[in-house]
Amino acid sequence: MKNEETERPSAMKVRQGIQDAMTYSLPDKKFSEKNIDLVEINIELDDLGWNFHNFRILNLTDIHLGQWINPEYLSDLIDYVNTLNIDLITLTGDYFSYIIEGYEKSLEDSFKKLKARYGKFGVLGNHDHWMNAEKIRKIFKNSGVIDLSNDVFTLKKNEDYLNICGVDSYTVCEDDLDKVIAKLPRGIPTILLAHEPDFAKESSQTGLFDLQISGHSHGGQFIIPKFETTPFRGPNSTKYPVGLYKVNDMIQYTSKGLGTNSFRIRINCKPEITIITLKSSKKHKIKIE
Ligand SMILES: [Fe+2]
């Protein structure tokens, strides 16, 4: 719980001005699934019970509503997500950029619409704290999103269990992994939501998490063709800026996210919706009557 960028950025008014200029000077973006990178990955977990085999988790992150993504775009995107037959939705932070006023209801209405059989779970990002963490927690509550800031939720499917847990933003020193560990039922496959991907350095050392899902980097808003990585790496996304990594025994997945920060540009780096399908490595026991 230490870090170089804990303070709300200075010159907030300048950043808000840039956001306004970007929002009003460029034509509105309309949502189209053709312009989305729907990334589908399979993750095999050693102790995953057969009841969670093929369990589909969809992650949305870094919406930065009001900066590139407008309320109509988000609403259409959520309608598209609702067609994808998802078991669980995860939200990994930065719902706003530098302006929250005028966008709160749109975010709440969109999150209310999100459908998943086993629920919607979220954590906050650094921008959410810089804007107003309490307002965002209220949006979560009103829209049925379970707030996993330094918390744990255990899912049960027949005789099998899966832990979904989360840490609050590392950038603003609100992460409390000890609190998560104290609440964590042991011996169950465990997924951690952490806005900042480089938190994997810390979480992986515990040996308690199988998979960490993150955003924050936006893929640098530029992916080098053929190399599938980015040279533009901000604080807390320097080590694991985009895609899949193995960190100690933990799998780290970093999404390119949906929105943009500061500059409304993405080069070879489409907005991303991620679907993670969990696979059990256990052999299926067939009951013979
Ligand atoms: Fe962030």
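Is L162 buried or exposed? The points below take up this residue and its surroundings in what is a predicted model.

1. L162 is buried, because 25 other C-beta atoms lie within 10 Å, and the threshold for a buried residue is 20 or more. The residue belongs to strand 7, which spans residues 160-167. Leaving aside residues up to four places away in sequence, L162 touches F52, L155, I188 and P189. Across a sequence separation of 113 residues, the C-alpha atoms of L162 and G49 are 8.4 Å apart.

2. An open sheet of six strands runs in the order 6-7-8-9-11-10, and its pairing is mixed. Strand 6 (151-157) and strand 10 (243-247) each have a single partner strand, so these two stand at the edges and one side of each is left without a neighbour in the sheet. From one strand to the next, the twist averages 20°.

3. **Strands 8 and 9.** Strand 8 covers residues 190-194 and strand 9 covers residues 211-214; the two pair in the parallel sense over three bridges. L192 has Q212 in strand 9 as its bridge partner.

4. **The pairings of strand 12.** Two pairings of strand 12 deserve attention. With strand 1 (residues 37-45), strand 12 pairs in the parallel sense over nine bridges. I43 is placed opposite L278 of strand 12. With strand 2, the pairing of strand 12 is antiparallel and extends over five bridges. Here I57 is placed opposite I276 of strand 12.

5. **The buried side of helix 2.** Which residues of helix 2 are buried? In this helix (residues 71-81), they are Y73, L74, L77 and V81. These residues lie on the same side of helix 2, because they cover an arc of only 95° around the axis. An α-helix has 3.6 residues a turn, so residues three or four places apart point the same way.

6. **What helix 2 packs against.** The buried residues of helix 2 pack against strand 2 (55-60), helix 3 (104-113) and strand 12 (272-280). Two of these elements, strand 2 and strand 12, are themselves paired in the antiparallel sense.

How values were computed:
Residues numbered from 1 in each chain as written. Predicted model: local features only at pLDDT ≥ 70, side-chain atom pairs only at ≥ 80, totals over all residues. Pairing = 2+ DSSP bridges. Helix = DSSP H or I, 4+ residues; strand = E, 2+ residues; numbered from the N terminus. Axes fitted to C-alpha atoms, helices over the stretch in contact; angles between N-to-C directions. Buried ≥ 20, exposed ≤ 12 C-beta atoms within 10 Å, placed from the backbone. Contact = placed C-beta atoms within 7 Å. Arc of directions from axis to C-beta.
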